[in-house]
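This report describes parts of one protein model. Look at the structure below before reading on.

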Amino acid sequence: MVSSLVLFLLNTFIAYVAASSDYYERLLIRPLPQSSVLTSFNFRSNESADAFEHQNFRYFPRSLGQILQHAGTKELHLRFALGRWDAESWGQRPWNGAREGGTGVELWAWVEAQSEEEAFARWLTLTNALSGLFCASLNFIDATKTIRPVMTFQPEGYHANSSNLHLLHGTLPHEVVCTENLTPFLKLLPCKGKAGISSLLNGHKLFDASWQTMSIDVRPMCGPGGGDCTLEMEQTVDMVLDIDRSKRPRDNPIPRPLPIEEIECDTSKGYNGGDTCYPLDKSEEPAWNLTEIFGQPLKGACPLTEQSGEGSMTVCINTPPERILQVNTTGQYEEAKLASDTVRCYKLPTGADFDLVLPQQRMTTGLVLTGPQLFAARSINGHGQERGSVQAVIKNPSSHSVEFVYLESLPWFMKPYLHTLRARVDNSLENPVKETYYRPAVDRKRGTHLELRMIIPPASTLTLTYDFDKAILRYTEYPPDANRGFDVAPAVIRLINPGSSDNKGIYLRTTSLLLPLPTPDFSMPYNVIILTSTVMALGFGNIFNLLVRRFVGIDEVQAGGAGGLQGVLRGKIDSLKALFGRG
């Protein structure tokens, strides 16, 4: 049974083991309803602060460490995300949403500087360097896409002198995450995807997932009193795989429909008939194994991890105790059980493939998923090309009040009106907004920054709305797919009360928005060019023909020689024959 207490104990165990070793990795597998499975990859590398300052890198990647030193970055958080987390079906987010980012690329960091101008200059240095390192478009995070959050983000690490630290945040919701971002991500790992749990990370499977996120977090960690400091880098990959889709063979990926006699229908439905069928909920857990859903086997343990103790338990699966598990390997492995026998962990063999096999089984009990503390949805309302409105609906299904911070980073061409901001709670006249931070946009210089600290009562729904105007861009500012619309970054929600037991916090993000703007007819320049070219060709061609062509009267041609033109041609032919010696 999965509960908040089990997740808390497991995360505490992971944090304790990671802090006591220089390199640590773990794979946590959790089956989900509707034939889905959540796989969470966690990698942590520690480096002492003294060794980092002298650039003595062992497990910490040198390429990233030198970028952080050059840009004066003390804490870094980078996210690559695709898809949408289905909270109603899948329950609570992994890591309480602390390792999750909005759609596209999201980056925030604490930069050490003496002024805001110096901090922004170092921020641009950081984004350009990370853009080259991860093959992403982070260099497009300029002043129009950068904000300075006040209440939403808190540092996770220990910072002795925080007066000179500046927090900057940027997003690229239109960025497409693909394999070229995964390859540099794996190169930062000590085993680089050749051994350990990272050998399962296949781009074909990762980016075919229903939801996936990659995160990199760098933070300083110190002991009591600020002594014995280390720099910790945590890399996380979370994805939800559809078991049936992942098991399709690569040479025959198109699914074939089952014959009608093999489809299980729910005959209790009133509209069930010979030509209608409502699918029956599956009471059996499907059969699968790691090699099938990832497309490749797990290449044993990474030699740099601990070989004994709790840190050596690398692969864990969270299933009911009655679920049958089989281990397929030629090497020696160990098994341990945690959290009331619902979490089973395995120590991987070295130099031998490892596979977990789960046969098809009819379950009498299943996992009870813990639901999230808040549900959030956001949409654009209205019609026309001039103005619109944004509506955010936040639901609190719990039995206690929840205090949270709501952050929105809007582009400069989406101009909200703060006086139209309305926040109301069902069956309540009290204003839920307790604090507001608003920084308006400046055309082509910065975007809109809005932060709200609100409280939602138990079992209530909060509706937040505001109006905005749409700006008209210059024709050079439109992208090639201008008629598709412009992506607006997701809203970030951070829960304050109840908060998390660590410094990571509890977060959730809405989906991104697609904003249509007034778009000119980009085919008109083409039409004008074609019409102008046609007119020029006809007009210039006729005039040029009149100026260059020589006009000769017919009487002048006949008087030019015997036979006129015929005589001239005959004379030319005779000259050619005499030249080649033929009579």
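## A helical stretch

Over residues 526–548 the chain is 100% helix and 0% strand, with the end C-alpha atoms 32 Å apart. Helices (H or I, at least four residues) and strands (E, at least two) are DSSP runs, numbered from the N terminus. An unreviewed UniProt entry lists residues 526–548 as "transmembrane region"; such annotations may be inferred rather than shown by experiment.

## Basis of the model

This is a predicted model, in which local features need pLDDT of at least 70 and side-chain atom pairs count only at pLDDT 80 or more, while totals for chains, interfaces and linings use all residues. Residues are numbered from 1 along each chain as its sequence is written, and side-chain values use heavy atoms, leaving out hydrogens and water.

## The sheet

Eleven strands form an open sheet with mixed pairing, in the order β5-β6-β4-β3-β7-β8-β2-β1-β11-β14-β13. Two strands pair if DSSP finds at least two bridges between them. The edges are β5 (146–147) and β13 (334–338); each has a single partner strand, so one side of each is left without a neighbour in the sheet.

Strands β3 (residues 73–83) and β7 (residues 211–221) run antiparallel and are joined by eight bridges. H77 has D217 in β7 as its bridge partner.

## Two packed helices

Helix α3 (residues 62–71) packs against helix α5 (residues 116–134) at an angle of about 165°, and their axes are 9 Å apart. Axes are lines fitted to C-alpha atoms, for helices over the stretch in contact, and angles run from 0 to 180 degrees between N-to-C directions.
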